[in-house]
Amino acid sequence: MNIKKEDLPVVMEAPDSILRNQGGFGGMAIAYNELPKGTDFRPLLNGLNNDSCHCPHWGYIVEGAIRIFYDDQTEEVSRAGDVYYWPAGHTGIVEEDVKFLEFSPQKEFKEVMEHIGKKMSGSA
């Protein structure tokens, strides 16, 4: 089973931002995201447990950089060329315009994306 990143459904779009994802890959969701510097996930995750993402992610940074903050107060930067694992209990802010490919458990990913969608629409 394969898909071109351009064929992944667009689930959110804003100026300089595009989030594409699709489930159904062996219980995993695949995402390809393009986000501008300064994109801050912290406000979008408010209301979730510890105000952080409870979905683990595995992925690859194609270009740019993103700083990840963990619930245990540690942080790290994932940069272009890095393969990453972000366990449950994290949030982040984009440090340089970023493009990244990500794999996540479908159930938890859907829950987080639904929460973010409500935040962005003002209904959460």
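**Core, helix and cavity**

Modeller: This is a predicted model. Its largest nonpolar core has 23 residues, and those touching the most other members are Leu-35, Leu-45, Ile-61, Ile-66, Trp-86, Phe-100 and Val-112.

Biologist: Which elements give two or more residues to this core?
Modeller: Strands E3 (28-35), E4 (57-70), E6 (83-86) and E7 (90-105), plus helix H2 (106-121).

Biologist: Take Ile-61. What is Ile-61 in contact with, leaving aside neighbours within four places in sequence?
Modeller: Its partners include Ile-66, Trp-86, Val-98 and Phe-100. There is also a run from Ser-78 through Arg-79, Ala-80 and Gly-81 to Asp-82. Tyr-84 and Lys-99 complete the list.

Biologist: Now the helix. How many residues does H2 have, and what is its reach?
Modeller: H2 has 16 residues. From first C-alpha to last, H2 spans 22 Å, close to the 22 Å expected at 1.5 Å a residue.

Biologist: Which residues of H2 are buried?
Modeller: Phe-109, Val-112, Met-113, His-115 and Ile-116. Looking down the axis of H2, these buried residues fall within an arc of 160°, so they line one face of the helix.

Biologist: And which exposed residues sit on the face turned away?
Modeller: Lys-107, Lys-110 and Ser-121.

Biologist: What covers the buried residues of H2?
Modeller: The cover includes strands E1 (10-14) and E2 (17-25), along with E3, E4 and E7. Helix H1 (42-45) is part of the cover too.

Biologist: You listed His-115. Why does it count as buried?
Modeller: Its relative accessible area is 13%, and buried means under 20%. Leaving aside neighbours within four places in sequence, His-115 is in contact with Leu-44, Leu-45, Asn-46, Gly-47 and Leu-48.

Biologist: What does the backbone do just after H2?
Modeller: Gly-122 comes there, with a positive phi of about 80°.

Biologist: Switching to cavities. How many are there of 30 Å³ or more?
Modeller: One. The largest cavity has a volume of about 270 Å³.

How values were computed
Residues numbered from 1 in each chain as written. Predicted model: local features only at pLDDT ≥ 70, side-chain atom pairs only at ≥ 80, totals over all residues. Heavy atoms only, no water. Core = buried A, V, L, I, M, F, W, Y, C linked by side-chain atoms within 4.5 Å. Buried < 20%, exposed > 50% of the residue type's maximum accessible area, 1.4 Å probe, protein only. Helix = DSSP H or I, 4+ residues; strand = E, 2+ residues; numbered from the N terminus. Contact = heavy atoms within 4.5 Å. Expected span 1.5 Å × (residues − 1). Arc of directions from axis to C-beta. 1 Å grid on protein atoms, 1.4 Å probe; cavity = no way out; pocket = protein on both sides within 12 Å on 5 of 7 lines; lining within 4 Å. Points joined across faces, edges and corners; volume = space filled by probe spheres on them.
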